[in-house]
Amino acid sequence: MDQQFLDTTGLTHERASAMLDAMRDSLVKCALQGDSVALPGFGTFVTVKDDERVDRDLSTGRQILLPPRLSMGFNGSTSLIKSINKSM
């Protein structure tokens with residue numbers, strides 16, 4: 001946990017960890033349902049479903065079948081991106 005985050009929020013390490021665990025659990029539930037999660041001023045976590053596909057094992061050269069999977073992408077909000085670019 002970043003000490004600056006703890007100092008700014010006044011949270012203990014345990015409380016901040018519990019908060020992040022709850023957020024992760026919520027993101028997992030939304031991903032399993034195929035939903036996106038928008039955090040105003042921060043960004044949006046988007047569920048991405050990758051279909052089953054054929055790929056190549058680089059060490060053997062053999063083709064392998066990769067199963068379908070879910071992943072999450074993140075799109076930063078305009079205000080977050082402006083804040084980052086302003087700091088450069």
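**View 1. The outward face of helix 2 in a predicted model.** Glu14, Arg15, Lys29, Leu32 and Gln33 are exposed residues, and they sit on the face of helix 2 turned away from its buried side. The model shown is predicted.

**View 2. The buried side of helix 2.** Which residues of helix 2 are buried? They are Ala16, Leu27 and Ala31. An α-helix has 3.6 residues a turn, so residues three or four places apart point the same way. The buried residues of helix 2 pack against helix 1 (3-9) and also against strand 1 (37-39), strand 2 (43-50) and strand 5 (69-76).

**View 3. The length and the end of helix 2.** Helix 2 covers residues 13-33, which is 21 residues. At 1.5 Å a residue the helix should span 30 Å, and its end C-alpha atoms are 31 Å apart, which agrees. Just after helix 2 comes Gly34, with a positive phi of about 80 degrees.

**View 4. A nonpolar patch on the surface.** The patch is formed by Phe5, Met19, Leu20 and Met23, which together have about 310 Å² of accessible area. Helix 2 gives the most to this patch, with three residues. Phe5 is found in helix 1. Is Phe5 buried or partly exposed? Phe5 has a relative accessible area of 31%, so it counts as partly exposed, the range for that term lying between 20% and 50%.

Definitions and conventions: Residues numbered from 1 in each chain as written. Predicted model: local features only at pLDDT ≥ 70, side-chain atom pairs only at ≥ 80, totals over all residues. Heavy atoms only, no water. Helix = DSSP H or I, 4+ residues; strand = E, 2+ residues; numbered from the N terminus. Expected span 1.5 Å × (residues − 1). Buried < 20%, exposed > 50% of the residue type's maximum accessible area, 1.4 Å probe, protein only. Contact = heavy atoms within 4.5 Å. Patch = residues over 30% accessible without salt bridge, like charges linked within 9 Å, V, L, I, M, F, W, Y side chains within 5 Å. Areas by Shrake-Rupley, 256 points an atom, 1.4 Å probe, with all protein chains shown as cover. Salt bridge = Lys/Arg side-chain N within 4 Å of Asp/Glu carboxyl O.
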